[in-house]
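Here is a brief report for a reader meeting this structure for the first time. Look over the sequence and the model, then read on.

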Amino acid sequence: MVGCSFTKACVERGLGLVINNGEEDFGAWFEAFCNSHLTENIEKLSMILWSVWGARNDLVWNDKAISVERVVSSAITYLDLWKSAQNSNGGASSSSSQLRAGVEHWIKPSLGELKVNCDAALFSGERSHGLGWIARDHAGLCVAAAAVKHRGDIDPVVAEALSMKEALSWIKSCWEDSRTVEGLCPTAVLLESDCLVLVNAFNSKSHILSPLGLIVSDCISLIRSFSSFDILVQFVKRSGNQAANWLARSSGSYPDRISSRGSVPSGLEAILLADLL
């Protein structure tokens with residue numbers, strides 16, 4: 001790791017420092033760095049090295065090459081989340097325990113409520129990502145769904161956050177002024193994601209200074225702009241988020257909005273029927 005040019009590029013990009021390394025032993029190199037830098041840089045370096053190791057494992061075991069920008073973005077995001085967790089109450093309440101447990105299967109919302117599931121998929125070989133979300137009513141019927149593909153190699157959690165922002169933008173376009181769309185004006189909206197890191201970031205009271213934090217702040221501003229109904233963000237396990245996952249992975253084949261109260265692709269229809277069983 002000490003002699004790795006990729007590691008050096010990640011460290012220099014993440015810290016904004018030029019690393020002139022004369023050491024060949026990692027322990028001596030790390031000790032020298034710690035002795036000459038502030039705690040903030042030491043924490044950031046540790047997280048960057050951890051992210052580099054994860055990128056190395058992806059390359060070795062999954063044949064996935066990760067960019068320097070992606071490694072640094074992941075490191076900054078997770079460091080901010082870690083700091084946020086340290087500043088919060090250390091005791092786990094019953095609600096937080098329930099949040100971590102998640103729901104195994106998709107569950108219909110109550111009468112009058114709308115449930116919107118969100119997910120993202122990364123296409124590393126194409127350096128692109130797909131965003132998918134689907135809104136269903138109390139009967140489990142699809143109100144609207146979207147599958148959008150964008151260029152760019154980004155952090156997985158950031159992609160998940162962008163998917164949720166897309167869904168919130170759609171909600172705002174429909175019910176910003178308490179309008180009724182196709183006879184529907186929800187009493188509440190439940191946003192579900194299978195990304196626990198993202199859900200915790202939404203429900204944390206701390207401001208996260210990272211690309212993820214900026215997107216989450218935008219989403220929270222959107223949520224607060226609604227006065228006629230509440231919007232709740234909650235965690236669901238992957239098994240309960242299959243429809244949104246299918247949309248994200250199919251974003252290349254079904255670009256943009258693919259359904260609004262009507263026919264849906266057969267692959268998605270099978271998942272919707274299975275969710276109702």
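Lys64 sits in the loop that links helix 3 and helix 4. This is a predicted model. Lys64 has a relative accessible area of 39%. That value lies between 20% and 50%, so Lys64 counts as partly exposed. Its C-alpha atom is 9.9 Å from that of Phe123. Along the chain, Lys64 and Phe123 are 59 residues apart.

Helix 3 also holds Trp53. Together with Met1 and Phe26, Trp53 makes a nonpolar surface patch of about 310 Å².

| Residue | Location | Relative accessible area |
|---|---|---|
| Lys64 | loop between helix 3 and helix 4 | 39% |

Now to the second largest pocket. The space in this pocket comes to about 560 Å³. Its lining has 26 residues. Nearest the centre are Asp58, Arg70, Leu122, Asp155 and Pro156.

Which element gives the most to this lining? Helix 3 does, with six residues. Helix 3 spans 39-62. At least two lining residues each also come from helix 4 (68-87), strand 1 (113-123), helix 6 (156-175) and helix 9 (242-249).

Notes: Residues numbered from 1 in each chain as written. Predicted model: local features only at pLDDT ≥ 70, side-chain atom pairs only at ≥ 80, totals over all residues. Heavy atoms only, no water. 1 Å grid on protein atoms, 1.4 Å probe; cavity = no way out; pocket = protein on both sides within 12 Å on 5 of 7 lines; lining within 4 Å. Points joined across faces, edges and corners; volume = space filled by probe spheres on them. Helix = DSSP H or I, 4+ residues; strand = E, 2+ residues; numbered from the N terminus. Patch = residues over 30% accessible without salt bridge, like charges linked within 9 Å, V, L, I, M, F, W, Y side chains within 5 Å. Areas by Shrake-Rupley, 256 points an atom, 1.4 Å probe, with all protein chains shown as cover. Salt bridge = Lys/Arg side-chain N within 4 Å of Asp/Glu carboxyl O. Buried < 20%, exposed > 50% of the residue type's maximum accessible area, 1.4 Å probe, protein only.
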